[in-house]
Structures are given as structure tokens and as C-alpha cells.
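This report looks at a metal site and at the packing of helices around it in turn. Please have the sequence and the structure in view while reading.

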Amino acid sequence: MANILQNRRQFLTKSGKAGIALATMPLFSKIAPSNLFVISDFQQQPLPYAYNALEPFIDALTMEIHYTKHAAGYTKNLADACIAEKVNTTATNLSTLLNTISNYSVKMRNNAGGHYNHELFWQLMKPAPTNNPTGPLAAAIEKAFGSFTNFKAAFSDSAKTRFGSGWAWLIIKNDGELAICSTPNQDNPLMDIAETKGFPLIGLDVWEHAYYLKYQNKRPDYINNWWNLVNWDFVQNRYALAIQK
Ligand code: MN
């Protein structure tokens with residue numbers, strides 16, 4: 001938490017001008033990923049655990065290929081697209097880019113989404129988490145879905161039924177309520193082209209590259225096991241930062 005707040009201060013210090021523009025944007029656009037991911041919007045951050053740390057639920061080889069090949073590729077291609085399309089990555093935050101993604105190429109859309117989605121995905125997992133959500137997040141989940149059990153069932157269903165490659169999401173909509181949705185490919189709910197828009201609290205990668213080596217065609221087994229890895233402390237901090245006015 002100290003790191004998150006420290007980076008938030010650093011972000012605010014170096015983004016005075018951007019802050020004026022951000023003040024006119026929708027509520028959750030004001031939150032830069034740097035507040036929540038620690039450090040930079042446009043660079044791949046170190047994996048917060050070893051490749052084998054999420055076993056037996058996600059195997060080491062899948063993690064290594066996923067992080068060093070797939071996710072690193074999105075980050076590299078995002079950098080290339082930013083150069084080609086004249087996006088100044090030191091003056092722009094990634095959320096703002098995603099909020100206006102319809103102004104850019106398909107390459108930018110796929111790779112800005114791919115980079116953001118994976119940076120979030122690594123952070124929201126950890127080995128052997130010990131708690132379910134508590135406090136304001138737990139209350140918001142109960143309010144929106146009736147119970148934590150109902151929420152897990154509805155989210156899992158969204159992930160299992162996403163046709164082809166994509167992501168399932170728990171989001172805060174602009175009215176402040178929680179919702180579940182899914183997106184195709186590397187789209188995400190921050191994008192102006194998204195069918196359901198909001199601020200992503202949790203994203204679950206259901207591309208085959210996330211599970212195929214261990215689970216082959218059995219996506220539901222991967223999803224059911226993935227709940228054993230959710231870092232609810234991280235998600236709760238993200239929720240607390242997102243709802244502060
Ligand atoms: Mn992936």
C-alpha cells in the first residue's frame with residue numbers, strides 16, 4: 001500500500017498539466033494505472049512471483065511463456081504503435097489512451113489492451129491467498145450479486161461462455177455499481193468501443209495460451225482452479241483507490 005501511495009504522489013507531481021485534462025474525464029478515467037500497478041504505464045513490470053509460484057493451478061512453463069513471450073510481445077508492439085502513431089508515452093497515461101482507443105489503429109487497440117490486461121492479471125494473482133474479500137468490497141459484491149458465492153458463479157459463467165479468445169471482468173461502472181462482463185480478444189472495459197464500460201477490478205485471461213498446456217480444452221477446470229489464486233488484498237486496495245472521490 002505504501003508503494004502504491006508513493007507512486008501516486010510521484011504520478012501527481014509529474015503530471016500537473018495532465019491533471020487538468022483528466023479533471024474533465026469520467027470518474028474512473030482519472031485513475032492512472034501507475035497508481036495501481038506500481039511504476040510505469042507502458043513498461044512491463046517484473047512478475048511479482050516466480051514462474052512456478054502459482055502451481056499446481058497454473059504451471060511454470062505456461063507462466064514463463066505467457067509472461068516472456070505473449071505479454072512481452074504486447075508491450076513491445078504497443079511501444080512500436082506509440083512511435084508510429086505519435087503517442088508520447090511520458091505525457092499520456094495508458095487509461096487515457098484506452099478511453100480514446102477508437103482514434104487509433106487496430107494494432108494499438110490489440111496491444112494497448114494486451115499490455116494493460118496482462119499487467120493487471122499478474123498483480124491480481126498470488127500464491128496461496130488466505131482470505132476472501134472483506135470490508136467495502138465484500139459489501140459491494142453482496143449488494144450487486146446477492147452473495148460472494150453468486151458472484152463467483154456469475155463471473156465463472158461469463159469466463160466459460162466467452163466464445164473464442166478474450167477476458168472476463170469485474171468492473172465498477174460509472175454509476176459506482178459493480179458488474180460482470182466479458183470482452184473479445186484484448187479489448188477491455190476502459191475502451192470507448194467496449195460494449196460494457198467501467199473500471200476493471202479483476203480480469204481473467206481465457207485465451208488458450210493462458211491454460212492450454214495444463215488444461216488443454218478444459219477451460220472450465222482452469223477457471224475453477226484460478227479462484228485459488230486471487231489476491232483479494234490487491235483487489236480491495238484497487239477498489240478503495242477507485243471509489244475515492
Ligand atoms: Mn494472455
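Are histidine 66 and histidine 209 buried or exposed? In this predicted model, both histidine 66 and histidine 209 are buried.

These two histidines belong to the manganese site, where the ion is coordinated by His66 (NE2), His118 (NE2), Asp205 (OD) and His209 (NE2) at 1.9 to 2.1 Å. Along the sequence, the donor residues follow the spacing H-x51-H-x86-D-x3-H. Because histidine 66 sits in helix 4 (residues 60–84) and histidine 209 in the loop between strand 3 (199–205) and helix 9 (212–215), the pair ties together parts that lie 143 residues apart in sequence.

| Helix pair | Angle | Axis separation |
|---|---|---|
| Helix 4 and helix 6 (residues 106–123) | roughly 140° | within 8 Å |
| Helix 8 (residues 148–161) and helix 10 (residues 219–226) | about 150° | 10 Å |

The axes of helix 4 and helix 6 cross at roughly 140°, which makes helix 4 oblique to helix 6, and the crossing is left-handed. Among the residues that meet in this contact are His66, Tyr67 and Tyr74 of helix 4 and His115, His118 and Trp122 of helix 6. By class, the contact of helix 4 with helix 6 holds 11 nonpolar, 9 polar and 2 charged residues.

Helix 8 and helix 10, by contrast, cross in a right-handed manner. Their contact is formed by Phe155, Ser156, Ala159 and Lys160 of helix 8 together with Arg219, Pro220, Ile223, Asn224 and Trp226 of helix 10, and these residues divide into 5 nonpolar, 2 polar and 2 charged.

Terms used: Residues are numbered from 1 along each chain as its sequence is written. This is a predicted model: local features need pLDDT of at least 70, side-chain atom pairs count only at pLDDT 80 or more; totals for chains, interfaces and linings use all residues. Side-chain values use heavy atoms; hydrogens and water are left out. Axes are lines fitted to C-alpha atoms, for helices over the stretch in contact, and angles run from 0 to 180 degrees between N-to-C directions. Helices (H or I, at least four residues) and strands (E, at least two) are DSSP runs, numbered from the N terminus. A crossing is left-handed if the near helix is turned anticlockwise from the far one by less than a right angle, and right-handed if clockwise. Contact means heavy atoms within 4.5 Å. Ala, Val, Leu, Ile, Met, Phe, Trp, Tyr, Cys and Pro count as nonpolar, Asp, Glu, Lys and Arg as charged, and the others, Gly among them, as polar. Donors are N, O and S atoms within 2.8 Å of the metal (3.2 Å for Na, K and Ca); water is not among the atoms, so sites may look incomplete. Buried means under 20% relative accessible area, exposed over 50%, partly exposed in between (1.4 Å probe, protein chains only). Angles under 35 degrees count as roughly parallel, over 145 as roughly antiparallel, 65 to 115 as roughly perpendicular and the rest as oblique.
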